Amino acid sequence: MGKIKVEVCAGTFCTMMGSMDIAAAIDSLGDLEESGIRCDLDVIMVPCLENCEAGALSPVVRINGETFFRAETETVMAKLLELAKNCPDSTDNNTQEQAGH
Ligand code: FES
């Protein structure tokens, strides 16, 4: 099954600017499979991504490596649903570099 990796900044500035509201909205999606979408949603809260310019660009959300500045719930949800419909393969190019053999 493919996977969408979502990193929501839980740093101070992003939290003040509503990143937790975005995280809650993502949570409300529930199980994507119930909607007939076979895609694994991996949502993690991360510390300051260090590109918020002291909150000027907060909240920051990263989806499969694509960074959204001044992220809005509607934008994030639309992106997630768009990606979920064409679920990226879990071996996408955003996967951390793995040791070869
Ligand atoms: S506090 Fe979120 S990117 Fe800095």
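## N64 and the model

N64 is partly exposed, because 18 other C-beta atoms lie within 10 Å (the class between buried, 20 or more such atoms within 10 Å of the residue's own, and exposed, 12 or fewer; C-beta atoms are placed from the backbone). N64 sits in the loop that links β3 and β4 (strands are DSSP runs of E of at least two residues, helices runs of H or I of at least four, numbered from the N terminus). Its phi is positive, about 45°, although N64 is not a glycine.

The model is predicted: local features need pLDDT of at least 70, side-chain atom pairs count only at pLDDT 80 or more, and totals for chains, interfaces and linings use all residues. Residue numbers start from 1 along each chain as its sequence is written.

## Overall layout

The protein contains three helices and four strands, and their order from the N terminus is β-α-α-β-β-β-α. Of its 101 residues, 21% count as buried. Among contacts between residues at least 6 apart in sequence, 70% join residues at least 24 apart (a contact requires C-beta atoms, placed from the backbone, within 7 Å).

## The nonpolar core

The largest nonpolar core has 17 residues, and I4, V8, I22, V60, V61 and I63 touch the most other members (such a core is a set of buried Ala, Val, Leu, Ile, Met, Phe, Trp, Tyr and Cys residues joined through C-beta atoms within 7 Å). Two or more residues each come from β1, α2, β3 and α3. The largest share, four residues, is that of β1.

Leaving out residues up to four places away in sequence, V8 touches S19, I22, A23, V43, M45 and V61.

Helix α3 covers residues 73-85; at 1.5 Å a residue its 13 residues should span 18 Å, and the end C-alpha atoms are 18 Å apart, which agrees (the expected span is 1.5 Å times one less than the number of residues). V76, L80 and L83 of α3 are buried. These residues lie on the same side of α3, because they cover an arc of only 70° around the axis (taken from the directions from the helix axis to the C-beta atoms). E74, A78, E82 and K85 are exposed on the other side of α3. The cover over the buried residues of α3 includes β1 (2-9), α2 (19-27), β3 (61-63) and β4 (66-68).

The axes of α2 and α3 are 10 Å apart, at an angle of about 35° (axes are lines fitted to C-alpha atoms, for helices over the stretch in contact, with angles from 0 to 180 degrees between N-to-C directions). In this pair, D21, I22, A25 and I26 of α2 meet T73, V76, M77 and L80 of α3.

## Loops and backbone exceptions

A10 belongs to the loop between β1 and α1 (12-16). It is partly exposed, as 17 other C-beta atoms lie within 10 Å. Beyond its neighbours within four places in sequence, A10 is in contact with T15, S19, M45, V46 and P47. The C-alpha atoms of A10 and M45 are separated by 5.7 Å, while the residues are 35 apart along the chain.

Most residues other than glycine have a negative phi, and most peptide bonds are trans. The S58 to P59 peptide bond is cis, with omega near -5°; P59 is in the loop between β2 (39-46) and β3. E50 is also located in the loop between β2 and β3. Phi of E50 is positive, near 60°, and E50 counts as exposed because it has 9 C-beta neighbours inside 10 Å.

Methods:
Contact = placed C-beta atoms within 7 Å.
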